[in-house]
Structure formats: structure tokens, C-alpha cells
Amino acid sequence: MAFPGSAMAFGLLSSFGSYGEGPGQLRSPEQIAFAADGTSYIADSGNNRISVFSSAGIFLRAFGEGVAPGGGDVCTAVCRAGTAGASAGQMQEPEDVALDGSGRVFVADHGNNRVDVFATEGTFLFAFGKDVNGTEGICTTVCDPGALEPAAGAIASPTGVAVDGSTVFVASGGNDRIDVFATAGEFLRSSGPTSSPKDVIVGSNGSVYVADSGNDRVDIFTRQGTLIESFGDKGAGQLSGPVSLAAEGEEIYVADQGAQRIERFSASGGYLGGFPTEPGLAGVGLACEDVFAVEGAPLSARVERFGEPGAPTSPPCLDEPPVAIEAPVKPPSNRFRFAGLLKNRGNGSAVLFARVPGPGRVILYGRGVRRLVRGARQAKRVRLPVRPKVPLKRFLKEHGKGRIRVEVTFEPTGGVPSTLEKVIVLRRRRA
């Protein structure tokens with residue numbers, strides 16, 4: 001995922017969804033999650049359901065009890081708002097959604113004080129949270145609202161959910177903490193405190209990031225719940241209402257509802273830039289090399305896709321999840337090529353593109369530039385921001401341009417690395 005340093009190099013590409021309860025419509029949408037093929041799952045809070053769209057923004061289905069004619073749980077053509085309630089399959093103002101990679105969808109069921117679990121096609125599997133089945137913490141057929149209390153295992157007004165491996169992290173907004181469960185619903189522990197948390201994610205570094213809306217910042221915890229540090233509460237990139245988070249590699253994206261902006265930070269909290277969105281910003285997601293903003297202003301609702309101008313309107317995602325090859329006949333290809341160069345004269349930086357033939361790692365390095373590593377899960381065009389180090393930035397400020405030599409290495413998964421060199425002339429407008 002690359003994020004151009006100039007707003008001129010990053011803009012609105014397309015949008016999908018509209019206000020209402022019909023097929024493809026949304027009411028008060030909250031947060032968004034993506035499957036590996038780019039399919040999006042949206043917590044449609046006002047309609048008490050989950051709405052599903054293809055990677056190109058085409059409506060596929062919605063699920064939740066009562067969404068289809070006759071009270072069915074899945075609709076594809078004729079849809080209505082789901083039945084608000086606490087029985088199995090019902091949702092009440094769902095606020096977040098997460099996928100575990102094995103065909104299950106976890107929903108932060110805000111009004112029912114629990115997490116609901118569905119199959120990706122919409123079949124209800126189970127729910128968990130204190131007292132969801134009498135005094136039990138897991139229900140499969142007969143479900144009650146979870147306990148609205150601070151006791152262990154109680155999920156008070158959940159606003160965010162994240163799945164990492166066999167662990168589920170839940171932002172328990174009513175209890176100002178993060179509750180941790182096994183994916184089967186067994187309560188493990190709680191961590192915090194954090195003030196009115198709105199979302200929780202797990203970064204590629206294993207740290208847990210929390211949208212601490214009460215303190216207008218993002219908190220970083222260890223997986224065991226120890227606070228490491230916070231960011232966004234001072235200096236550049238100061239936040240005024242973080243409500244949603246997304247992670248890509250070593251970067252964290254924050255939906256700042258108060259400022260109506262998507263802000264971008266390094267994994268350690270360094271501010272890297274941002275851009276404005278339309279009113280009603282409620283969620284942010286990353287997929288298909290682009291940034292998606294969920295917007296739900298009064299009487300309007302949609303998802304906007306941002307990226308580099310000129311990018312295809314249909315995101316370059318896989319139509320199907322990648323299939324592992326158990327016994328390849330020959331080593332995977334390491335033949336790759338450069339596929340374009342985008343320069344930014346505003347700050348003297350550039351983005352180099354490399355076309356790789358399959359999964360692996362792409363590494364950019366060289367004298368005067370910061371080392372960069374990007375992963376690829378399939379054949380694709382990889383964005384490689386060329387970020388000058390401080391001495392080169394000073395040189396550009398004084399002379400306006402500078403020549404650097406970069407090397408790019410592609411390490412195919414299970415194959416032999418190969419390297420290409422390129423000379424790039426960086427230019428910067430003089431003040």
C-alpha cells in the first residue's frame with residue numbers, strides 16, 4: 001500500500017452504496033472488512049444486518065434475521081431491514097465486522113452486548129458474551145442479550161472487533177476496555193483501561209491498536225494488554241475523534257470522524273499524511289491497493305474508494321482466493337520488471353512500480369533512500385515509495401534535483417531472488 005505525499009496524487013476513484021434498506025443500500029453504516037478476494041462486509045447498523053459487496057462495488061447479498069421476504073436470513077435481490085432483537089441470527093445496531101480467514105464473520109453486536117458469528121454466506125453459527133444463553137457465555141440456537149456489566153466476559157456495548165489467528169479482540173465501549181476471547185467464544189482476559197474505545201486491530205508487528213476516542217488518540221498495547229505508547233494526541237496528525245482503524249504492513253490508517261479525514265501513521269505513531277473525506281465518516285478499510293472510507297451522513301450512505309488517479313475503476317483483486325500449489329514442478333519465476341515511475345516535485349519523492357510474477361517479497365534499497373519491504377500474495381504491480389533520507393532531502397532543497405541509484409530485489413516464495421537497478425532523478429520545486 002503506497003500513500004502519495006501530495007493530495008494531487010491521491011483522490012476519489014469510485015463509490016458504491018446509497019441510503020435506504022433495499023439491495024445495495026445502507027443506513028448508518030459503521031465499519032468495513034475485506035476478504036482476500038476484495039469482497040467487502042459492511043456493518044449496516046441502521047438496517048441491523050451485514051451487507052456484502054464484490055471488489056468492484058456490486059451488491060452481492062445481505063444477512064441477518066428478517067432481511068429477506070418471508071423473514072429469511074439472507075437476501076440477494078429484495079431486501080429489507082433486519083429484525084432487531086436478541087434471538088439467534090438477530091442483530092441490533094452492529095458496529096464492526098471482522099473475518100477470520102476460514103469462512104467466518106465476527107460481528108460486534110452493539111445493542112445486544114455480544115459478538116455474533118456467521119458463515120460468510122450468512123448462516124448464523126453462534127454468539128458469545130456473558131449470559132447470552134442463561135448463565136452461559138456461548139449460544140447457538142437460543143440467545144439472549146449479553147450482560148451489560150463490568151464482570152469478566154461481559155461485552156458492554158461493543159464497538160469494534162478484530163480476529164488474529166485463534167484470538168478475538170473486542171472493543172468493549174461500555175466498559176472502557178478490550179476483551180479478549182478465543183475464536184470459539186471462550187473468555188481469556190481483558191486489557192486497558194482505554195476511554196470509549198471505538199475500534200481495535202492487530203498490526204503486522206503483533207501489537208494491538210485501539211481507537212481511544214475518549215482521549216482523541218490511538219493506544220498501542222502488547223497482546224497481553226500492557227500499554228506501550230499512544231499517538232495522535234499532539235503535534236502533526238492530531239486526532240479529534242478516531243473511530244476506525246486499518247493496517248497495511250508497517251502503516252496504520254485512522255478514520256478521524258471529528259476532522260472528517262483519513263490519517264496515516266507509521267506503526268510506531270509517526271505521522272505520514274492524510275486526506276479529507278465527505279461528511280459522516282465512520283470507517284476505514286484497505287483492500288486491492290486502495291483506501292475505502294465508509295460514510296453515513298443523515299439520509300446518505302456510501303463507501304468511497306480512494307487511490308491514484310487513473311487506476312482501474314474495478315480494484316485489481318483476485319476473483320477467487322489464492323490456491324496453494326502443494327508440489328510445483330519447477331521453482332517459481334523470479335522474473336520481474338519495472339512498471340512505471342510517479343514523481344512528486346512537491347517534496348522531491350517518487351513512487352517506483354514493479355510488476356512481479358507471483359507471491360513473494362519486494363525490497364527497495366540504495367544509498368540515500370530508506371529501505372522498504374513490500375509483500376505480494378499474487379502476481380501484481382507493487383508500489384514502492386522512494387523516500388529520501390535526510391541528507392538527500394537537504395540536497396534537494398538546495399539544488400532542486402539529485403540523482404540516486406536504487407536496487408530492487410524480488411524474493412519469490414520458495415524461489416531464488418533476483419535484482420534490478422534503476423537510476424532515478426528526484427526533483428523538487430524551489431521555494
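Trainee: How many bridges join β30 to β33, and do they run parallel or antiparallel?
Mentor: Seven bridges join β30 to β33, and the two run antiparallel. Strands here are DSSP runs (E, at least two residues), helices are DSSP runs too (H or I, at least four residues), and both are numbered from the N terminus. Two strands pair if DSSP finds at least two bridges between them.

Trainee: What should I know about the model itself?
Mentor: The model is predicted, so local features need pLDDT of at least 70 and side-chain atom pairs count only at pLDDT 80 or more, while totals for chains, interfaces and linings use all residues. Residues are numbered from 1 along each chain as its sequence is written, and side-chain values use heavy atoms, with hydrogens and water left out.

Trainee: Back to β33, then. Which residue there does Ala354 stand opposite?
Mentor: Val382. β33 is mostly covered, with five of its seven residues buried. Buried means under 20% relative accessible area, exposed means over 50%, and partly exposed is in between (1.4 Å probe, protein chains only).

Trainee: Which residues of the largest nonpolar core touch the most other members?
Mentor: Leu352, Leu364, Leu384, Val386 and Ile404, out of 21 residues in that core. A nonpolar core is a set of buried Ala, Val, Leu, Ile, Met, Phe, Trp, Tyr and Cys residues joined through side-chain atoms within 4.5 Å.

Trainee: Which elements supply it with at least two residues each?
Mentor: β30 (349–356), β31 (360–365), β32 (372–376), β33 (380–386), α1 (390–399), β34 (401–412) and β35 (418–427). Apart from this core lies another, of 18 residues, among them Phe34, Phe59, Ala68 and Cys79.

Trainee: What is Leu352 in contact with?
Mentor: Leaving aside neighbours within four places in sequence, its contacts include Phe338, Leu364, Val382, Leu384, Val386 and Ile424. Contact means heavy atoms within 4.5 Å.

Trainee: New topic: how many aromatic pairs are there in the whole structure?
Mentor: A search finds 13. In one of them, the rings of Phe231 and Phe265 have centres 4.8 Å apart and planes at 45°, so that pair is tilted. Rings of Phe, Tyr and Trp (its six-membered ring) pair if their centres lie within 6.5 Å; planes under 30 degrees apart count as stacked, over 60 as edge-to-face and the rest as tilted.

Trainee: Where do Phe231 and Phe265 lie?
Mentor: Phe231 is in strand β21 (residues 227–231) and Phe265 in strand β24 (residues 261–266), so the pair ties together parts 34 residues apart in sequence. Phe231 is buried at 5% relative accessible area, and Phe265 is buried at 1%. Elsewhere, Phe126, Phe128, Phe181 and Phe187 form one aromatic cluster.

Trainee: And β6, buried or exposed?
Mentor: Five of the five residues of strand β6 (residues 49–53) are buried, so the strand is largely enclosed by the rest of the structure. Arg49, Ser51 and Phe53 point one way from β6, and Ile50 and Val52 the other way.

Trainee: What does β6 pair with?
Mentor: Strand β5 (residues 40–44) pairs with β6 in the antiparallel sense over five bridges, and β6 pairs with strand β7 (residues 59–68), again antiparallel, over four bridges.

Trainee: In what order do the strands of the open sheet come?
Mentor: The order is β1-β28-β27-β26, four strands with antiparallel pairing. β1 (11–16) and β26 (281–287) stand at the edges with a single partner strand each, so one side of each has no neighbour in the sheet.

Trainee: What about Val294?
Mentor: Val294 lies in strand β27 (residues 290–295) and counts as buried because its relative accessibility is 0%. Five bridges join β27 to strand β28 (residues 302–307).
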